[in-house]
Amino acid sequence: MVDLKNLIEITKKIVSREDVRYVVGYKKGTYGFQIMPAFAYTPEDAEDFIYSPVCSKNLAVYTILEEKLPLKRGEEEDKRKIGVVVKGCDSRAIVQIIQEKGLKREDLVLIGIPCKGVIEPKKIEKMFPNQTDLIDVIENDNSEYIINIGGKTHKVPKNELLSDVCKSCEFPNPPLYDVLLGEEVEITEIEEFSKIDELDEKHTEDKWEYWKRHFERCIRCYACREACPLCYCKECMADTLNPQWIRRSVNLSENAAWNIMRAYHLAGRCVSCGECERVCPVNIPLMELNKKIERDVKKMFDYTSGLDEEEKPLFGMFKPDDPEDFIL
Amino acid sequence: MENLVLSKEKLPEMLTEIASKYALFGPIEENGVTSFKHISNSQEINLDYLRSRISPKDLIFQQTETLFTFSKGKEVKVNTPQIDEAKRVIFGIRSCDARGYSILDPVFEGKREGDYKDPFYTKKRNRSTLIGLSCNKPEVNCFCTSFDDSPASMKNVDILFTDIGEKYFIDIVTEKGKELIENLGNLFSKASEEDGEVRERVEQDAINAITRHMNTEGVVEKLEKMFNHELWQKTAMRCIGCGICTYLCPTCHCFDMQDEATLKEGARIRVWDSCMYPEYTMHASGHNPRPARMNRVRNRVYHKFSYFPKNDKIFACTGCGRCIDYCPVNIDIIDVIAKVKEAKI
C-alpha cells in the first residue's frame with residue numbers, strides 16, 4: 001500500500017523546489033471509479049494527490065506530450081524539471097525514452113511506486129456499472145480489492161479485476177526513480193500472456209481473419225498513439241503527407257497498415273503498460289501484437305526494453321552474433 | 001395519429017419485412033462494440049444495448065466518402081460516384097442520436113442563404129426513415145434531459161418504439177413514419193389505454209434514472225467573456241490529443257479532403273477530421289491557428305456551446321455522454337460546463 005500522506009508530503013517537497021515546474025500525479029475523477037491526471041504547481045495542489053489500484057494511467061506520457069510553442073520576444077524557455085509519479089512500467093517507459101535520447105535524466109524527478117498491479121477500468125465498470133458517486137478502491141493483504149459502494153462493502157478477488165498485462169508483469173518495481181514510496185514488491189507468480197500461444201498456433205489465413213475483424217473496426221482516432229509514452233515522434237508517419245505512408249481513408253487496408261506499422265515501431269521499445277489497448281474505444285486487442293513482438297525480441301536478441309538508461313536501444317546497436325535467418 | 005403496439009415475437013418478422021423493401025440499418029455488436037450497420041438478417045440485430053459505442057452519425061455523414069474519382073494521363077476523366085439512392089430505415093436509434101442528425105442538418109443542408117447543400121448528406125438523410133427506440137435504462141453519463149429532451153423523445157424520429165414489457169408501444173410521429181407502417185401490413189394492433197399509461201410510466205422511470213445533469217443556462221453569454229480564462233489551459237494539460245471525443249460524438253462534423261491515388265487512378269475523398277489533432281486547419285504556410293492543445297480543447301467546447309448556439313440556436317451537444325465515457329483522461333464535458341458556470345471573470 002502506498003501511504004497517501006507520504007505521497008503528498010514528498011510531492012509537496014518536490015514541487016517546492018526552485019528547479020521544479022510541476023509534478024504530475026493522480027487525483028480523483030468526476031464520477032464512479034474515474035481518476036484523472038493531476039498537475040501540482042504548488043504544495044497546495046499536491047493535497048489532491050491520490051494513489052490507488054485504479055490509477056492505471058501511464059503518466060510517463062506527460063513528459064513528452066507538452067507542446068513547446070515558439071517563444072515570444074524576450075521570453076525565455078522554462079527549463080525547470082518535471083516531476084512524475086511512476087509505477088514499474090511508467091518508469092520503464094521513461095528509461096526507454098532516455099535511452100533513445102528523447103529525454104534527459106536531469107530534467108526529471110521521479111516518484112517511484114512499487115506496483116501491485118492496476119485494475120482494468122473496463123472490468124470494474126462492467127462489474128459495478130453506472131456509478132455516479134466517486135468510489136474508493138483499496139487492496140488488502142489477501143489479494144482482494146475492497147470496494148465500498150453506498151455503504152455496502154464488496155470484496156473482489158484481485159485476479160478478477162486485474163489488468164491482463166499486470167498478470168504477466170515481470171517488472172512491478174520502477175527501475176529508475178528519485179524517491180521510492182514504500183517497499184519493493186516481490187514478484188510471486190507470473191502468468192504467461194497466453195493469447196499469443198493461441199494465435200501462434202493458428203494458420204496464417206486464420207490469423208489474418210482474426211486481425212481483419214479487429215482492424216475493420218478501427219476508427220483511426222489515434223488514442224493508442226497519444227496514450228503511448230513511446231509514441232513521441234515529432235511527426236508521426238500516419239500524419240505525413242509527402243510521402244503519404246498511410247492514407248486518410250478509413251478502411252481495412254489503411255487501418256491494418258496503421259496498426260501493424262505502429263506495432264513494428266514499438267518493437268524492442270514497448271514496455272507493456274497496456275495503455276493503447278486500455279484507451280482503444282473499439283476494443284482492438286493491441287497488446288496481443290505488442291506482446292508477440294516483445295516475446296520475439298526477447299527470444300532473438302535476449303533484449304528487454306526500458307531497464308537500464310545506459311544501455312543502447314535494440315535498433316541502435318549491432319552484435320556480430322545477432323540472428324539473421326529471418327533476413328531474406 | 002393513432003398509437004399501435006407490436007408484440008415482441010413479431011419483431012423479427014417486421015424487420016425481415018423492412019429489409020425486403022428498404023435498406024435496413026440497426027445496432028450490431030462486435031467484440032463488445034455496438035455500432036449501426038447494414039442488416040440483411042433480423043437475427044444480427046442486438047437490441048440489448050444502451051447506447052451504441054459508435055454513433056449512427058456515420059450512416060449519414062460517413063467517415064470516408066468518395067467525392068469523385070479520376071484517371072491519370074493526358075485525358076483525365078472525372079467520374080462522380082452514384083450516391084446511394086436506396087430508401088433506408090434506421091431501426092433502434094436513440095433519441096440523443098436522432099437529435100444529433102437534427103443538429104447536423106443546418107451544417108449540410110444549406111438552408112441559410114449562401115450555404116452549400118451537401119448532396120451526400122442530404123440524399124442519405126432525406127431517404128432515411130428513423131425508427132427510434134426509447135432508452136429504458138440510461139447510463140451513468142446520459143444527460144439528454146439537460147437539453148430539454150427525453151429518453152423517449154419523439155422530437156427527431158419518424159416512429160418511436162418503446163419497450164413496455166411483452167410488446168413495443170409505437171408512436172407514429174411523421175407522415176414518413178405513417179407511410180412506412182402502412183407499408184408493413186398487418187403486424188400491428190391498436191394500443192389500449194393501459195398500453196399508453198405503461199409507455200408514459202416507462203418514460204418517466206427512464207427520466208428519473210438519469211442522475212447527471214448539465215446546467216447550460218447563461219453558458220453562451222458566459223463563454224463570451226472566458227476566451228482567455230485559465231480553465232482552458234488547466235483542462236488541456238491532461239488532454240492527450242486523441243480523437244475519441246470527436247469521433248464518437250454524434251454532432252462533431254469537421255472533415256478533411258484529400259486526393260488519394262494509385263499509379264492509374266485516384267479519388268478525392270472526404271474523411272472525418274478532429275480539432276484535437278495538431279494538423280487540424282493547419283495552413284499551407286505552416287501557420288497553425290490553434291498551435292497548442294489549449295487552443296484545441298477550448299475550440300471543441302466553444303464550437304458546441306458558443307459558436308453553434310449563436311449560429312443555429314441550438315447547443316451542438318445531445319447529452320449522449322460518449323465523450324465522457326471514453327475519454328482516457330476523464331475530461332468530462334458536464335464538469336467542464338459546471339466549471340464554466342463557476343468561473344470567476
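Visitor: In β12(B), which residue is the bridge partner of F70(B)?
Guide: This is a predicted model, in which local features need pLDDT of at least 70 and side-chain atom pairs count only at pLDDT 80 or more, while totals for chains, interfaces and linings use all residues. Residues are numbered from 1 along each chain as its sequence is written, and chains are lettered from A and ligands numbered from 1 in the order in which they are written. Strand β4 (residues 64-71) of chain B and β12(B) pair in the antiparallel sense over seven bridges, where strands (E, at least two residues) and helices (H or I, at least four) are DSSP runs numbered from the N terminus and pairing requires at least two DSSP bridges. Within β12(B), the partner of F70(B) is G266(B).

Visitor: Which strands of chain B stand at the edges of the open sheet, each with a single partner strand?
Guide: Four strands of chain B form this open sheet, with antiparallel pairing, in the order β5-β4-β12-β11. One side of each edge strand has no neighbour in the sheet, because each has a single partner; these strands are β5 (78-79) and β11 of chain B.

Visitor: Which residue in β9(B) stands opposite V5(B)?
Guide: Strand β1 (residues 4-7) of chain B is joined by two bridges to the antiparallel strand β10 (residues 189-190) of chain B, where L4(B) stands opposite K190(B). β1(B) also pairs in the antiparallel sense with strand β9 (residues 167-172) of chain B, over four bridges. There, V5(B) faces F169(B).

Visitor: How many residues of the side of chain B that touches chain A are charged?
Guide: The contact, counted where C-beta atoms placed from the backbone lie within 7 Å, takes 36 residues from chain B and 32 residues from chain A. On the chain B side, α8 (230-238), α9 (244-248), β11 (255-261) and β12 (265-272) each supply at least two residues. The classes are nonpolar (Ala, Val, Leu, Ile, Met, Phe, Trp, Tyr, Cys and Pro), charged (Asp, Glu, Lys and Arg) and polar (the others, Gly among them). By these classes, the side of chain B that touches chain A has 16 nonpolar residues, nine polar and, as charged residues, eleven.

Visitor: Which element of chain A is included in what covers the buried residues of α8(B)?
Guide: A residue is buried if 20 or more other C-beta atoms, placed from the backbone, lie within 10 Å of its own, exposed if 12 or fewer, and partly exposed in between. In α8(B) the buried residues are W232(B), T235(B), M237(B) and R238(B). Their cover includes α10 (293-312) and α12 (333-342) of chain B and, from chain A, β2 (35-40).

Visitor: Which helix gives the most to the side of domain 1 of chain B that touches domain 2 of chain B?
Guide: An automatic or database assignment gives the domain bounds, and chain B is divided into domain 1 (4-61 + 83-209) and domain 2 (219-255 + 273-342). The C-alpha centres of the two domains of chain B lie 28 Å apart, and 21 residues of domain 1 are in contact with 18 residues of domain 2. With eight residues, the element that gives the most to the domain 1 side is α3(B).

Visitor: Is N330(B) exposed or partly exposed?
Guide: N330(B) is found in the loop between α11 (322-326) and α12 of chain B, and its phi is near 55°, a positive value in a residue other than glycine. Because it has 19 other C-beta atoms within 10 Å, N330(B) is partly exposed.

Visitor: Which peptide bond is cis, with omega about 0°?
Guide: Most peptide bonds are trans. P243(A) lies in the loop between α9 (223-227) and α10 (252-265) of chain A. The cis bond joins N242(A) and P243(A).

Terms used. Contact = placed C-beta atoms within 7 Å.
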